[in-house]
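Subject: A structure to look at

Hello,

Please open the structure below before reading on. My notes on it follow.

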Amino acid sequence: MFIIYEYDSFWAFLIISSVIPSLAFLISGVLSPINKGPEKLSSYESGIEPLGDAWLQFRIRYYIFALVFVVFDVEAVFLYPWALSFDILGLSVFIEAFIFVFILILGLVYAWRKGALEWS
C-alpha cells in the first residue's frame with residue numbers, strides 16, 4: 001500500500017536542497033555590483049598581462065590520463081561499502097565483487113597496454 005507520509009522527509013530534503021542554492025544565487029545576484037569596465041573585461045593571470053592566445057591546444061593524453069584516474073577512483077569508492085559489510089553479505093557477493101575487481105584489472109591492463117598511463 002502506498003502511504004504518502006512515509007516520504008515526508010524525502011520531500012522536505014528535496015525542497016530544502018532546492019531552495020538553499022536558489023536563494024544563494026538570488027542573493028548574490030541582487031547584492032553583487034555590476035560595473036563592467038575595460039579592466040573588468042580584461043584577462044587576468046596572476047597580476048601579469050597575458051601573452052599570446054588563451055586558447056592553447058592540449059594533447060589528448062592528458063585528458064585520457066585524467067579520465068582513467070577518475071574511472072578507477074570512482075570504482076574504488078564502489079568497493080568501500082562492500083568492504084564494510086563483507087561479513088554480512090556472504091559468498092555470492094564476494095564472487096560478484098571478485099568479478100568486479102577482475103573487470104577493473106582488465107581495464108587497467110588495457111589502459112596500460114594502450115599507453116594511457118604513460119605521462120611523458
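The term to know at the outset is pLDDT, the predictor's confidence in each residue, on a scale from 0 to 100. This is a predicted model, in which local features need pLDDT of at least 70 and side-chain atom pairs count only at pLDDT 80 or more, while totals for chains, interfaces and linings use all residues. Residues are numbered from 1 along each chain as its sequence is written, and side-chain values use heavy atoms, with hydrogens and water left out.

The chain has a mean pLDDT of 81, and 87% of its residues reach 70 or more. Helices (H or I, at least four residues) and strands (E, at least two) are DSSP runs, numbered from the N terminus. The chain has 5 helices and 0 strands, and its pattern along the sequence is α-α-α-α-α.

Next, the surface. Buried means under 20% relative accessible area, exposed over 50%, and partly exposed in between (1.4 Å probe, protein chains only). Of the 120 residues, 6% count as buried. Accessible areas come from the Shrake-Rupley method with a 1.4 Å probe, and for residues only the protein chains shown count as cover. The chain exposes about 11300 Å², of which carbon and sulfur atoms supply 72%.

Which aromatic rings pair up, and how? Rings of Phe, Tyr and Trp (its six-membered ring) pair if their centres lie within 6.5 Å; planes under 30 degrees apart count as stacked, over 60 as edge-to-face and the rest as tilted. The structure holds 2 such pairs. In one, the ring centres of Phe10 and Trp11 are 5.0 Å apart and the planes stand at 70°, so this pair is edge-to-face. Phe10 is partly exposed because its relative accessibility is 44%, and Trp11 is partly exposed at 43%.

The other pair, Trp82 and Phe94, is stacked, with 6.4 Å from centre to centre and 25° between the planes. Trp82 lies in helix H3 (residues 60-84) and Phe94 in helix H5 (residues 91-114), so the pair ties together parts 12 residues apart in sequence. Trp82 is partly exposed, with a relative accessible area of 22%, and so is Phe94, at 35%.

Finally, Val19 is in helix H1. Its relative accessibility is 39%, so Val19 counts as partly exposed.

Regards
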